[in-house]
Amino acid sequence: MTPKQVFEDSFRMAELLIHVYRLLDNDGLQTEGNMVTALRGLLECEKDEQVQLIVNAIFLGCIRETANIPGAQLKPQSLQNLLRQAVVSGCTAYETYLSTLLAEHILTVIEVRQQDFFPTDSDVVKYFDGLSLGINEAFRLLNQDDRAVFLRSKIVTFVQKKNLGSVAGLKTVGLLLGVNEPWNSLAVHLHKERKDLTKTVSDAIERRNAIVHKADRNLEADNLEKQPIAFAWTQQAVDTIKHVCLGFDELVTARMAQYRAELAARQQENPHV
């Protein structure tokens, strides 16, 4: 699978959860009335069987007693958990995408840029602060045939053990892959303001962390209630992550095409390279 396919496959869960939320959103389950009576007859329900209806602008659903779903699980407060998990899934897809993108393309960058492949940006340098080489690994760098593959493996392994789930994660991967000023380039590419993109992604990741590590509760509050989450905000956050990743993929794809063309030109000039 390509990095884009990995993202789309991972991201599908976020979209599914939002769709399910829209279908189940309700102002209260209906258990009586003409519609319930009509459906009971259509389904040939027993007289004592409980039937619950979900009715909204886009969906009509019937929950039969054998489903064993308490009505409380379909109240707005409970359904908001679908939105929370959509945020988690979207952010996880973002982080997974950046990791697979780097693994897919960093070898090409190393081959083209050689000793100049590593960015001088202070944030990237700081990100790799913990990366070290043993003496045996250092000697592998002397092997011209092996060093590019070795460096790729070393960098990818290090990154996969760290966290790319941040705004800085995209910047780091972008600079490593030769995309100049990644967020600025992406904003221009998407015809959006950089601050709108980065703020939305940052807020989504912050909310993901709160959901995963604190069950989305304010642990400093006396009642420890969950923070409310709105459908519109969730939709915006998830959509922004999708557009960011797909747009970034287009930028990186174009850059890799340039690098491969440069490699091909070098090989024509010197077949032994």
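Trainee: In which strand does Val 55 lie?

Mentor: Val 55 belongs to strand E1, residues 51–55. Keep in mind throughout that this is a predicted model.

Trainee: Why is Val 55 called partly exposed?

Mentor: Its relative accessible area is 31%. Buried means under 20% and exposed means over 50%, so a value of 31% makes Val 55 partly exposed.

Trainee: What makes the nonpolar surface patch that includes Val 55?

Mentor: Met 35, Val 55 and Leu 60 make that patch, which covers about 240 Å². Patch residues need over 30% relative accessible area, and Val 55 has 31%.

Trainee: Why is Gln 80 called buried?

Mentor: The relative accessible area of Gln 80 is 19%. The cut-off for buried is under 20%, so Gln 80 is buried. Gln 80 sits in helix H3, residues 76–113.

Trainee: Which residues are in contact with Gln 80, leaving aside its neighbours within four places in sequence?

Mentor: Tyr 21, Pro 228 and Ile 229 are in contact with Gln 80 on that basis.

Trainee: Which residues of the largest nonpolar core touch the most other members?

Mentor: They are Tyr 94, Ile 106, Leu 177 and Phe 248, in a core of 63 residues. Several helices each supply at least two residues of this core, including H1 (3–24), H3, H9 (194–214) and H10 (231–269). The largest share, 18 residues, comes from H3.

Trainee: Which residues is Leu 177 in contact with, leaving aside its neighbours within four places in sequence?

Mentor: Among them are Leu 101, Leu 102, His 105, Ile 106 and Val 109, as well as Val 252, Arg 255, Met 256 and Tyr 259. Another core, of five residues, lies apart from the largest one; Val 36, Cys 45, Val 51 and Leu 53 are among its members.

Trainee: What is the nearest cysteine sulfur to that of Cys 91?

Mentor: It is that of Cys 245, at 9.7 Å.

Trainee: Are Cys 62 and Cys 91 buried, partly exposed or exposed?

Mentor: Cys 62 has a relative accessible area of 31%, so Cys 62 is partly exposed. Cys 91 has 0%, so Cys 91 is buried.

Trainee: Where is His 191 placed?

Mentor: His 191 is in the loop between H8 and H9. His 191 is not a glycine, yet has a positive phi of about 55°. Its relative accessible area is 72%, so His 191 is exposed.

Trainee: Why is Asp 222 called exposed?

Mentor: Asp 222 has a relative accessible area of 83%. Exposed means over 50%, so Asp 222 is exposed. Asp 222 is found in the loop between H9 and H10. From C-alpha to C-alpha, Asp 222 and Phe 158 are 41 Å apart in space, and they are 64 residues apart in sequence.

Conventions. Residues are numbered from 1 along each chain as its sequence is written. This is a predicted model: local features need pLDDT of at least 70, side-chain atom pairs count only at pLDDT 80 or more; totals for chains, interfaces and linings use all residues. Side-chain values use heavy atoms; hydrogens and water are left out. Helices (H or I, at least four residues) and strands (E, at least two) are DSSP runs, numbered from the N terminus. Buried means under 20% relative accessible area, exposed over 50%, partly exposed in between (1.4 Å probe, protein chains only). Contact means heavy atoms within 4.5 Å. A nonpolar core is a set of buried Ala, Val, Leu, Ile, Met, Phe, Trp, Tyr and Cys residues joined through side-chain atoms within 4.5 Å. Patches are made of residues with over 30% relative accessible area and no salt bridge: like charges are joined within 9 Å, nonpolar side chains (Val, Leu, Ile, Met, Phe, Trp, Tyr) within 5 Å. Accessible areas come from the Shrake-Rupley method with a 1.4 Å probe; for residues, only the protein chains shown count as cover. A salt bridge is a side-chain nitrogen of Lys or Arg within 4 Å of a carboxyl oxygen of Asp or Glu. A disulfide is a pair of cysteine sulfur atoms within 2.5 Å.
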